[in-house]
Amino acid sequence: MDLERFVADMPKAELHVHLEGTLERDLLIRLAERNGVDVPLPEGGFTDLTSFLAQYYPAMRALVTEQDFFDLAWGYLERAAAQRVRHAELFFDPQAHTGRGVPFPTVVAGYRRAIVRAERELGVHADLILCFLRDLSAEHAMSTLMEALPYRDWIVGVGLDSDERDNPPQKFAAVFARARAEGFLLTMHCDIDQPGSIENIRTALTEIEVDRVDHGTNVVEAPDLVDLLRERGIGLTCCPISNGFVTDDMKATEIASLLRSGVRVTVASDDPAYFGGYVAENLVALTRAAGLTPDELVQLQRNAFAVSWLAPFRRDAFL
Ligand code: ADE
Ligand code: ZN
């Protein structure tokens with residue numbers, strides 16, 4: 001089988017990509033020049049989540065105007081269309097922008113304009129997921145949620161990202177409860193090999209009652225939680241190339257084992273501009289490392305559409 005060809009031809013849903021993580025070097029340089037700001041260029045060499053985040057947030061200073069946020073999202077959506085992504089759910093980190101004086105409406109309007117145009121011109125459907133930064137306070141997250149309420153029609157759900165150490169899910173229980181009451185769907189990062197990883201996954205599933213889990217592959221260590229994922233049909237959005245940077249291990253064995261045990265595993269790219277692989281490259285890397293069959297590759301994409309937050313009439317067209 002020509003693996004690259006097979007992967008290229010599959011219609012795809014991508015459920016775990018951070019828009020700010022799609023800031024490619026050439027766009028970063030262009031935006032920094034356009035805005036007259038001095039921005040450190042990412043140097044790579046990440047060995048864990050903390051060392052990645054230390055380069056990730058400073059680079060965002062290049063993003064200032066509504067047009068910048070449009071350009072960022074448009075660039076991603078063009079690359080997604082070229083990889084036959086038909087639906088993408090796009091994380092964004094408003095607090096990383098509002099915290100340095102960029103208004104929330106500027107961020108969300110730029111991203112939304114790109115999404116509307118991409119549906120018309122590229123045939124890619126996309127939705128936004130607002131991520132709270134878990135290393136900031138719950139109060140800051142709650143006030144960000146309040147800022148998002150006027151844009152509810154543009155934002156399908158909320159997530160939780162940034163540094164998991166000492167920032168467990170229960171810190172945001174009230175924020176997530178309010179988000180649920182306001183009609184948002186819920187997901188959260190349970191990053192790979194973080195301290196307290198299993199307990200955080202347990203809290204996310206049983207107390208926060210998330211609809212999906214981002215990463216979460218440490219769940220293989222807790223058979224009762226694997227059963228719970230399967231019973232509830234909850235999706236895991238796994239990012240093998242990112243795992244390879246953040247932990248030195250793609251976790252291909254764990255991802256394949258979860259897939260083969262019937263968990264709705266999906267594969268996505270996380271921060272492709274930093275980790276060097278979009279969704280197709282992630283699928284190829286995982287297939288090579290875990291020896292997936294063509295049927296298993298197709299199952300990954302079926303899972304992605306099944307656990308996507310598309311309206312049923314759109315989702316069912318892909319199943
Ligand atoms: N923000 C962007 N990418 C992230 C990741 N992989 N984990 C936590 N926070 C993130
Ligand atoms: Zn992520």
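This is a predicted model: local features need pLDDT of at least 70, side-chain atom pairs count only at pLDDT 80 or more; totals for chains, interfaces and linings use all residues.
Local features need pLDDT of at least 70 and side-chain atom pairs 80 or more, while totals for chains, interfaces and linings use all residues. Residues are numbered from 1 along each chain as written, chains are lettered from A and ligands numbered from 1 in written order, and side-chain values use heavy atoms, without hydrogens or water.

**Stop 1: the shell.** Select ligand 1. Around it are His18, Leu49, Phe52, Tyr56, Asp161, Ser162, His189, Asp191, His215, Asp270 and Asp271; near means a heavy atom within 4 Å. Colour helix α3, residues 49-59. Helix α3 gives the most to this shell, 3 residues; helices are DSSP runs of H or I, at least four residues.

**Stop 2: polar contacts.** These are pairs of N or O atoms within 3.5 Å. Show Asp270: a side-chain N or O atom lies 2.8 Å from a nitrogen of ligand 1. Show Ser162: here a backbone N or O atom is 2.8 Å from a ligand 1 nitrogen. Now His18: a polar side-chain atom sits 3.4 Å from a nitrogen of ligand 1. Taken alone, ligand 1 exposes 260 Å², and the protein buries 99% of that (Shrake-Rupley, 1.4 Å probe).

**Stop 3: rings.** Phe, Tyr and Trp rings pair with centres within 6.5 Å; planes under 30 degrees apart are stacked, over 60 edge-to-face, the rest tilted. The count is 19 aromatic pairs. Select Phe104 and Tyr151: a tilted pair, 5.7 Å centre to centre, 40° between planes. Phe104 is in helix α6 and Tyr151 in the loop between α7 and β4, 47 residues apart.

Conventions:
A polar contact is a pair of N or O atoms within 3.5 Å; within protein, one must be able to donate a hydrogen and the other to accept it, and residues adjacent in sequence count only if both atoms are side-chain atoms. Helices (H or I, at least four residues) and strands (E, at least two) are DSSP runs, numbered from the N terminus. Rings of Phe, Tyr and Trp (its six-membered ring) pair if their centres lie within 6.5 Å; planes under 30 degrees apart count as stacked, over 60 as edge-to-face and the rest as tilted.
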